[in-house]
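Here's a quick briefing to read alongside the model. Have a look at the structure first, then go through the notes below.

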Amino acid sequence: MILLKAQKLITGDGKTIIEDGGVVFENDTIKAVGKAEKLSAEFPQAEIRDYGNGTILPGLMDAHIHLGYYWTQPDLHRYNDFMIAYYAQKQAETCLAKGVTTIRDCCGPQFLLETLRLAAEKGFVKAPRILHTDRGICITGGHGHEDGIEEVDGVENIRHTIRRQKKDGADWIKLLTTNRDDICEFTQEELDAGVAEAHRLGLKCVVHSGTQPGIQMCIDAGFDTIEHGNFLTVEQAKQMVKNHQSWTPTMFAYHFLAEYNQKVQEVGIDHSNQSTETYSHHLDFFESSVQAYSENFKAIYDEGVTILAGTDMVMLEAPSVPIVEELELMVRYGLSPIEAIQTATQNPAKIFDLSHLTGELKSGLQADILVVTGDAASDIEALRNVQQVYLAGTEV
């Protein structure tokens with residue numbers, strides 16, 4: 001039995017902070033949360049680990065990540081299946097090092113995430129708790145087709161693919177239906193059918209949709225989570241609240257791409273660099289996305305939409321697993337640090353149907369715990385200073 005104590009404890013519900021707080025866990029389960037002094041008296045047999053002026057909070061969740069996205073690597077031709085698996089394992093370890101104990105991988109090579117999850121369960125590798133969408137589904141020639149996404153056209157083919165992806169282990173179904181223009185690639189009939197089939201089979205569904213009118217079509221279709229939603233409006237947010245739909249804005253990815261491409265324009269395009277070559281033609285889109293997020297994020301949050309923190313950062317030159325950078329942007333746009341933290345703790349746990357297991361520091365849940373130096377309740381950047389991470393009670 002172990003008692004962790006620190007100057008601050010954040011439970012993850014977006015409002016509760018315990019001064020001089022503590023959490024007691026035994027094996028993989030949290031036994032109690034509260035004032036450290038009181039817990040010490042209640043559990044005198046517990047080993048005490050005192051983190052001083054640090055903050056204890058739930059392990060974070062990344063709701064939109066791609067552990068196996070290797071397509072921007074400079075020596076792409078060397079990435080066979082084995083190399084891709086090693087790469088994904090390294091990304092999984094980076095998640096844990098940054099305090100991310102649960103992820104939803106939003107498409108990667110077929111069987112990769114299912115196999116990585118099994119390898120972690122067997123103890124062969126260390127990885128966070130994994131939910132995944134298998135390969136994802138786009139139209140022929142649609143967004144992501146060059147990155148291994150399955151190209152599927154027509155209602156019946158979409159239904160068949162969803163059934164097979166469930167057979168292959170997918171926890172969620174993902175469709176991709178916009179790129180960086182105003183074309184919604186799937187028809188409304190196809191989007192409706194995809195959602196209906198996923199729900200009929202007991203799966204939730206997520207959609208890549210950044211532009212209009214695609215965002216509206218995806219809201220109308222009933223996707224459980226809208227990913228990116230760069231140009232999501234406040235009126236659409238109201239509809240999402242009524243529909244119980246959530247939003248994963250992945251803002252940092254677009255902020256980074258805007259800044260990166262501004263520098264590229266200044267020094268010239270390196271055509272030998274796939275990242276530069278791929279993204280350099282979309283600077284206007286990235287800059288307008290940043291503008292839209294800055295204007296609408298807080299207003300959409302205030303409407304009551306459930307927001308999930310996700311990173312979606314796949315560029316070689318970008319920070320790996322920039323979950324803290326995403327939360328820092330939320331604070332910049334008006335959230336308090338503990339409200340931002342909720343988007344990476346309680347909120348995704350609820351949407352992922354994991355509230356009975358993780359997402360908060362609460363008696364009976366698994367001991368997924370992040371400890372950082374400093375006061376994360378007043379300074380979100382404290383999350384950069386990871387002291388220790390526990391996954392189901394095990395130090396990782």
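Thr72 counts as buried, because its relative accessibility is 6%, and buried here means under 20% relative accessible area, with exposed over 50% and partly exposed in between (1.4 Å probe, protein chains only). This is a predicted model, where local features need pLDDT of at least 70 and side-chain atom pairs count only at pLDDT 80 or more, while totals for chains, interfaces and linings use all residues. Residues are numbered from 1 along each chain as its sequence is written, and side-chain values use heavy atoms, with hydrogens and water left out.

- Thr72 sits in the loop between strand S6 (60-65) and helix H2 (81-97); helices (H or I, at least four residues) and strands (E, at least two) are DSSP runs, numbered from the N terminus.
- A polar atom of the Thr72 side chain lies 2.9 Å from the backbone oxygen of Val314.
- The Thr72 side chain also reaches the backbone nitrogen of Leu316, at 3.4 Å.
- Gly359 belongs to the loop between helix H13 (346-351) and strand S16 (369-372), and at 1% relative accessibility Gly359 counts as buried too.
- Leaving out residues up to four places away in sequence, Gly359 touches Thr11, Gly12, Pro58, Met61, Thr345, Gln346 and Ala349, where contact means heavy atoms within 4.5 Å.
- Gly359 and Thr72 are 287 residues apart along the chain, and their C-alpha atoms are separated by 32 Å.

**Helices H4 and H5**

- The axes of H4 (residues 155-167) and H5 (residues 188-200) come within 9 Å and cross at roughly 30°; axes are lines fitted to C-alpha atoms, for helices over the stretch in contact, and angles run from 0 to 180 degrees between N-to-C directions.
- H4 and H5 are therefore roughly parallel to each other (angles under 35 degrees count as that).
- On the H4 side, the contact is made by Val155, Ile158, Arg159, Ile162 and Arg163, and on the H5 side by Glu189, Glu190, Ala193, Gly194, Glu197, Ala198 and Arg200.

**Helix H6**

- Six of the eight residues of H6 (residues 214-221) are buried, so this helix is largely enclosed by the rest of the structure.
- Those buried residues are Gly214, Ile215, Met217, Cys218, Ile219 and Ala221.
- What do the buried residues of H6 pack against? Their partners are H5, strand S12 (204-209), strand S13 (225-228) and helix H7 (234-243).
- Gly222 follows H6 and has a positive phi, near 100°.

Terms used
Polar contact = N/O pair within 3.5 Å; in protein donor to acceptor, adjacent residues only side chain to side chain. Parallel < 35°, antiparallel > 145°, perpendicular 65-115°, else oblique.
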